[in-house]
Every structure is written in C-alpha cells, then in structure tokens.
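Subject: Structure handover

Hello,

I am passing on a structure for your files.

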Amino acid sequence: MLYLVCFLISMVPIIELRGAIPFGIANDLNPFILFPICIIGNMLPVPLIYFFARKVLIWGQDKKFIGKFFTWCLKKGEKGGEKLQKKGGKGLFIALMLFVGIPIPGTGAWTGTLAASFLNMGFKRSVIAVICGVLIAGTIMAVGTYMVKIGAGGIFSLMANS
C-alpha cells in the first residue's frame with residue numbers, strides 16, 4: 001500500500017519524486033522497488049503534459065475561476081523555456097536534463113516538460129532529457145535522504161546510550 005502512495009506522490013506537481021522517495025525511505029521501503037516505482041510515477045504524466053498542458057492552459061487563461069492560475073502556469077512555463085534557451089543554446093538537451101535533475105520544487109518533470117513543449121523541442125528528445133533528469137534527481141534524493149536518515153539514526157543512538 002505504501003508503494004502505491006509513493007507512486008501517487010511522485011505524480012503530484014512540485015512534490016514529485018522529491019517527496020515520494022523521502023517518504024518511502026522514511027517508511028523503510030525497499031529502495032530497489034521504491035526507486036523504479038517513483039520514476040515511473042513521475043514520468044507517467046509527461047506525455048499528457050507535453051501534448052495537452054499548453055493547450056489547456058491557453059484555453060483556460062481567460063476563464064473566470066481558473067484564469068489567474070492558468071495564466072501563472074503559462075508564464076512559469078514560458079519563463080522556464082526562456083531560461084533553458086538562454087542557458088542551453090545548442091546544448092538545450094543537457095540544459096533540460098540538468099534543470100529537471102536539480103531536486104528543488106519547480107524544476108521537476110512537470111515544469112521541464114512544459115518548458116520543452118514551449119520550446120517545441122520535440123517529444124522524443126524532451127522525454128529522454130526529462131527521464132535522465134528524473135533519474136539524476138531521484139538518485140540525489142535517495143542518497144541525500146539515506147545520509148540524513150543514517151546521520152539522524154547515529155545521533156539518536158548516541159543520545160540513547162548517554
């Protein structure tokens with residue numbers, strides 16, 4: 001059941017696997033099962049984002065209740081695309097991969113894919129760059145979480161033995 005929770009968390013924008021992997025590790029899930037589940041969950045929305053998110057956001061930007069949020073999302077995607085274009089130039093693939101691979105909120109698969117769609121980068125190339133970035137971010141999150149867990153465990157065991 002907790003693996004399903006991690007799968008679903010990894011699909012949530014902004015949180016993505018940056019929240020799912022630490023949640024799974026904190027609950028002592030097997031990392032060799034957890035990691036692929038989180039990667040798949042994080043990548044599952046990518047084709048929908050690439051092909052439809054921009055169209056839905058453009059459609060909804062002038063709607064009464066959702067317009068402000070959709071406009072914000074469009075601007076975020078456009079800014080992300082502009083930043084990638086400036087930083088990446090001809091190395092846009094590497095720039096997108098690194099953008100997605102930095103495990104901070106707002107730089108994950110959702111934003112990276114939306115930015116790639118604004119740049120008309122091409123579906124196959126975008127997906128490969130995003131999955132490489134997701135693998136990097138997932139690895140950073142897993143290693144970082146284990147380091148914190150081991151460090152915290154060591155501190156608590158020292159306190160218990162005092």
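Below is what I found in it, going from the whole chain to single residues.

Overall. Please keep in mind that this is a predicted model. The protein chain has eight helices and zero strands, so the order along the sequence reads α-α-α-α-α-α-α-α by the DSSP assignment. Along the principal axes, its C-alpha atoms occupy a box of roughly 60 × 40 × 25 Å. Of the 162 residues in the protein chain, 38% are buried. Taking contacts between residues at least 6 apart in sequence, 69% are between residues at least 24 apart.

Helix packing. Two packed helices are described by the angle between their axes and the distance between the axes. For helix α1 (residues 2–9) and helix α3 (residues 31–43), the axes come within 7 Å and the crossing angle is roughly 35°. This crossing is right-handed. On the α1 side the contact involves Y3, C6 and F7, and on the α3 side I33, L34, I37, C38, I40 and G41. By type, the residues of this contact are eight nonpolar, one polar and no charged.

Cores. The largest nonpolar core contains 27 residues. Within this core, the most contacts are made by L17, I21, C38, L84, L96, V130 and V134. At least two residues each come from α2 (16–26), α3, α6 (92–101), α7 (109–118) and α8 (123–161). The biggest contribution is that of α8, with six residues. V130, one of the residues with the most contacts in the core, touches M43, V46, L96, V100, A109, G112 and T113, leaving aside neighbours within four places in sequence. A separate core has seven residues, including F70, C73, L74 and L114.

Helix α6. How much of α6 is covered? Seven of its ten residues are buried, so this helix is mostly covered, with buried meaning under 20% relative accessible area. The buried residues in α6 are L92, A95, L96, M97, F99, V100 and G101.

The loop between α7 and α8. M121 is located in this loop. Is M121 buried or exposed? M121 has a relative accessible area of 10%, which means that it counts as buried. Leaving aside neighbours within four places in sequence, the contacts of M121 are Y50, L92, F93, L96, A116, S126 and A129. One of these, F93, is 28 residues from M121 in sequence, and the C-alpha atoms of the two are 8.6 Å apart in space.

Aromatic rings. A pair of aromatic rings is described by the distance of the centres and the angle of the planes. There are five aromatic pairs in the whole structure. One of them joins Y50 and F51, with 5.1 Å centre to centre and 85° between the planes, an edge-to-face arrangement. Through ring pairs, Y50 and F51 belong to a cluster with F123. Y50 is also among the contacts of M121.

Regards

Note on methods:
Residues numbered from 1 in each chain as written. Predicted model: local features only at pLDDT ≥ 70, side-chain atom pairs only at ≥ 80, totals over all residues. Heavy atoms only, no water. Axes fitted to C-alpha atoms, helices over the stretch in contact; angles between N-to-C directions. Helix = DSSP H or I, 4+ residues; strand = E, 2+ residues; numbered from the N terminus. Left-handed = near helix turned anticlockwise from the far one by under 90°. Contact = heavy atoms within 4.5 Å. Nonpolar A, V, L, I, M, F, W, Y, C, P; charged D, E, K, R; others polar. Core = buried A, V, L, I, M, F, W, Y, C linked by side-chain atoms within 4.5 Å. Buried < 20%, exposed > 50% of the residue type's maximum accessible area, 1.4 Å probe, protein only. Phe/Tyr/Trp six-rings, centres within 6.5 Å; stacked < 30°, edge-to-face > 60°.
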